[in-house]
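Here is a set of questions and answers to work through with the model open.

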Amino acid sequence: MTSRNAIGWQTTLADLSLILFLITAAAAGHRVPRPTHPLASATRPPEARALASPRAEPLAVWIAAPGAPPLGRWLDSQSRDPRQQVTVIVRYRAADGPLTALATADPLMRAAGQRARLVVEPGEGPPRAVIAFDPPEPR
């Protein structure tokens with residue numbers, strides 16, 4: 001048996017597939033800057049950079065829905081662990097603005113305590129509170 005017979009079209013196709021996968025994986029790691037017009041940055045104000053809040057898998061979720069207990073009572077019924085983080089999430093519609101969400105969040109943050117984290121984001125839906133083993137916020 002010669003070495004020429006040992007290599008078939010399947011091996012060649014597998015090699016090419018592996019090469020294509022490696023090129024795609026390498027390209028996915030690089031971010032290509034988008035070309036911008038020189039006047040685009042002069043006419044548009046700089047946007048605030050939104051920071052992603054670290055989130056882990058939730059252990060318990062409270063949603064402000066009819067029949068739900070008040071947030072403070074719900075938190076008292078949950079088991080306590082110093083590593084747990086309470087995150088209160090409120091959403092706002094673009095027409096209303098984030099100040100309406102902050103007004104909604106105020107009593108919820110008082111009930112959640114001073115170590116709770118507040119996330120205000122655009123969108124729709126009722127306020128919610130999440131208990132998870134999120135990493136602590138840098139101070």
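Q: Is Gln-84 buried or exposed?
A: This is a predicted model. Gln-84 has a relative accessibility of 18%. The cut-off for burial is under 20%. Gln-84 therefore counts as buried.

Q: Where is Gln-84 placed?
A: Helix 4 covers 71-77. Gln-84 is in the loop between this helix and strand 2.

Q: Which residues does Gln-84 touch, not counting residues up to four places away in sequence?
A: Neighbours up to four places away are left out here. Gln-84 then touches Leu-59, Ser-79, Ile-131, Ala-132 and Phe-133.

**Strands and crossover**

Q: What is the order of the elements from the N terminus on?
A: The protein has five helices and four strands. From the N terminus on, they run α-α-α-β-α-β-α-β-β.

Q: Why is strand 2 largely enclosed by the rest of the structure?
A: Strand 2 spans residues 85-92. It is largely enclosed because, of its eight residues, the number buried is seven.

Q: How many bridges join strand 2 to strand 3?
A: Strand 3 spans residues 117-122. Strand 2 and strand 3 run parallel. The number of bridges joining the two strands is six.

Q: Which residue in strand 4 is the bridge partner of Gln-85?
A: Strand 4 covers residues 128-132. Strand 2 and strand 4 run antiparallel, joined by five bridges. The partner of Gln-85 in strand 4 is Ala-132.

Q: What unit do strand 2, helix 5 and strand 3 make?
A: Helix 5 covers residues 98-112. Together with strand 2 and strand 3, helix 5 makes a right-handed β-α-β unit.

Q: Which elements give two or more residues to the nonpolar patch?
A: Leu-99, Leu-102, Leu-118 and Val-120 form a nonpolar patch on the surface. Together they have about 330 Å² of accessible area. The elements giving two or more residues to the patch are helix 5 and strand 3.

Q: What is the relative accessibility of Val-120?
A: Val-120 is in strand 3. Val-120 counts as partly exposed, because its relative accessibility is 32%.

**Salt bridges**

Q: How many salt bridges does a search of the whole structure find?
A: One of them joins the side chains of Arg-80 and Asp-76, at 3.9 Å from N to O. Arg-80 is exposed at 60% relative accessible area, and Asp-76 is exposed at 61%. The search of the whole structure finds five.

Q: How far apart are the closest N and O atoms of Arg-83 and Asp-81?
A: Arg-83 is exposed at 57% relative accessibility. Asp-81 is partly exposed at 21%. The two form a salt bridge, and their closest N and O atoms are apart by 2.8 Å.

Q: How many residues apart in sequence are the parts that Glu-121 and Arg-91 tie together?
A: Glu-121 and Arg-91 form a salt bridge, with the closest N and O atoms 3.1 Å apart. Glu-121 lies in strand 3 and Arg-91 in strand 2, so the pair ties together parts whose separation in sequence is 30 residues.

**The whole protein**

Q: What share of the residues of the protein count as buried?
A: The protein has 139 residues. Its accessible surface comes to about 11200 Å², with 60% belonging to carbon and sulfur atoms. The share of residues that count as buried is 20%.

Definitions and conventions:
Residues numbered from 1 in each chain as written. Predicted model: local features only at pLDDT ≥ 70, side-chain atom pairs only at ≥ 80, totals over all residues. Heavy atoms only, no water. Buried < 20%, exposed > 50% of the residue type's maximum accessible area, 1.4 Å probe, protein only. Areas by Shrake-Rupley, 256 points an atom, 1.4 Å probe, with all protein chains shown as cover. Pairing = 2+ DSSP bridges. Right-handed = clockwise from strand over helix to strand, strands pointing away. Patch = residues over 30% accessible without salt bridge, like charges linked within 9 Å, V, L, I, M, F, W, Y side chains within 5 Å. Salt bridge = Lys/Arg side-chain N within 4 Å of Asp/Glu carboxyl O. Contact = heavy atoms within 4.5 Å.
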